[in-house]
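Please look over the sequence and the model shown below. The paragraphs that follow go through some of its helices, their packing and a few single residues.

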Amino acid sequence: MLEPALEPLPEPRAADIKPPRFCCFVTGTDTEIGKTLVSAAILHKLVQSGRRACGMKPIAAGADMIGGELHNEDADMLAAAGNVHLPSSITTPFMLREPAAPHIAAALEGVTIDPVPIIAAYAEIQAASDAVVVEGVGGFRVPFNDDFDSADLAAQLNLPVILVVGLRLGCISHALLTVEAIVARGLVLAGWVANTADADMRFMQENIDALAQRIPAPLLGHVPRLEHPTAAAAADYIDLAGLPGWPSSRVQI
């Protein structure tokens with residue numbers, strides 16, 4: 001007796017194929033070295049590729065009341081670069097007024113920075129987006145309270161880390177110590193971006209070459225000192241094509 005012929009499986013439709021998800025945690029060698037600019041540039045490139053992309057600045061210290069709502073310049077830049085717009089209470093669960101180290105700013109407001117609201121907010125952002133860029137605060141080991149710091153947050157989120165190295169005197173040691181701290185926590189260092197923090201730095205290329213020899217991750221770009229430091233302008237200087245989950249082509253949204 002002949003077995004009945006099996007119907008061929010239908011070809012998957014384009015609408016049924018989910019694009020790869022890209023998520024990362026952006027940290028830096030210090031404060032004021034270009035983390036927000038690079039994070040916004042990554043979001044810009046994701047939007048240009050057709051992804052639903054959202055930035056997250058879990059803790060922002062230094063906010064002003066504008067139109068009855070607290071605003072932070074870095075958080076606003078990330079929001080403008082992405083195309084998934086959620087309430088700031090989700091994208092920045094801890095918005096603090098004082099421009100100081102987060103644990104100090106939080107203490108002034110009687111706030112305890114706890115990981116639970118951050119993890120819950122990240123889950124909401126991830127559910128609404130194809131791609132999420134989480135920007136840390138200051139350097140990699142900035143304290144949030146007595147028992148919780150930025151490195152702990154990165155470990156709990158367990159995202160690939162992109163390190164922004166601010167090119168200025170002393171950056172080699174700062175960068176290599178940060179790399180050691182990232183690797184020691186079992187995190188994946190996906191790559192690093194050199195950002196010109198000091199336009200007058202001598203032997204800049206030699207410093208980049210020394211770091212490239214010592215950092216066990218690809219150099220994703222070198223952002224020069226920009227006259228107009230916008231996400232679009234910085235995006236021209238970074239290339240993330242080889243990173244896991246990075247979109248290979250434009251998709252419809």
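Which residue with a positive phi follows H6? Asn158 follows H6, and its phi is positive, near 55°. This is a predicted model, in which local features need pLDDT of at least 70 and side-chain atom pairs count only at pLDDT 80 or more, while totals for chains, interfaces and linings use all residues. Residues are numbered from 1 along each chain as its sequence is written, and side-chain values use heavy atoms, with hydrogens and water left out. Helices (H or I, at least four residues) and strands (E, at least two) are DSSP runs, numbered from the N terminus.

Asn158 is not a glycine, and its place is the loop between H6 and strand E10 (161-167). With a relative accessible area of 53%, Asn158 is exposed; buried means under 20% relative accessible area, exposed over 50%, and partly exposed in between, with a 1.4 Å probe and protein chains only. Glu32 is another residue that has a positive phi without being a glycine, here about 60°. Glu32 sits in the loop between strand E1 (22-28) and H1, and counts as exposed at 68% relative accessibility.

Now turn to H6 itself. At the start of H6, a side-chain oxygen of Asp149 comes to within 3.1 Å of the backbone nitrogen of Ala151. A polar contact is a pair of N or O atoms within 3.5 Å; within protein, one must be able to donate a hydrogen and the other to accept it, and residues adjacent in sequence count only if both atoms are side-chain atoms. Ser150, Ala151, Leu153, Ala154 and Leu157 are the buried residues of H6. They lie on the same side of H6, because they cover an arc of only 160° around the axis; the arc is that of the directions from the helix axis to the C-beta atoms. An α-helix has 3.6 residues a turn, so residues three or four places apart point the same way. The buried residues of H6 pack against E1, strand E3 (59-61), H5, E7, strand E8 (143-145) and strand E9 (148-149), where contact means heavy atoms within 4.5 Å.

How do H5 and H6 pack, and at what angle? Helix H5 (residues 115-128) and helix H6 (residues 150-157) pack at about 40°, and their axes are 11 Å apart. Axes are lines fitted to C-alpha atoms, for helices over the stretch in contact, and angles run from 0 to 180 degrees between N-to-C directions. H5 and H6 are therefore oblique to each other; angles under 35 degrees count as roughly parallel, over 145 as roughly antiparallel, 65 to 115 as roughly perpendicular and the rest as oblique. On the H5 side the contact is made by Pro115, Ile118, Ile119 and Tyr122, and on the H6 side by Leu153, Gln156 and Leu157.

Helix H2 (residues 73-81) has Ala75, Leu78 and Ala81 as its buried residues. They are on the same side of H2, because their arc around the axis is only 130°. Glu73 and Ala80 are exposed on the other side of H2, Glu73 with a relative accessible area of 67%. Asn72 caps the N-terminal end of H2, with a side-chain oxygen 2.9 Å from the backbone nitrogen of Asp74. The buried residues of H2 pack against helix H1 (35-48), strand E2 (53-56), strand E7 (131-135) and helix H9 (231-235).

Ser39 belongs to helix H1 and is buried, at a relative accessible area of 0%. Apart from neighbours within four places in sequence, Ser39 is in contact with Val26, Leu78, Val133 and Glu135.
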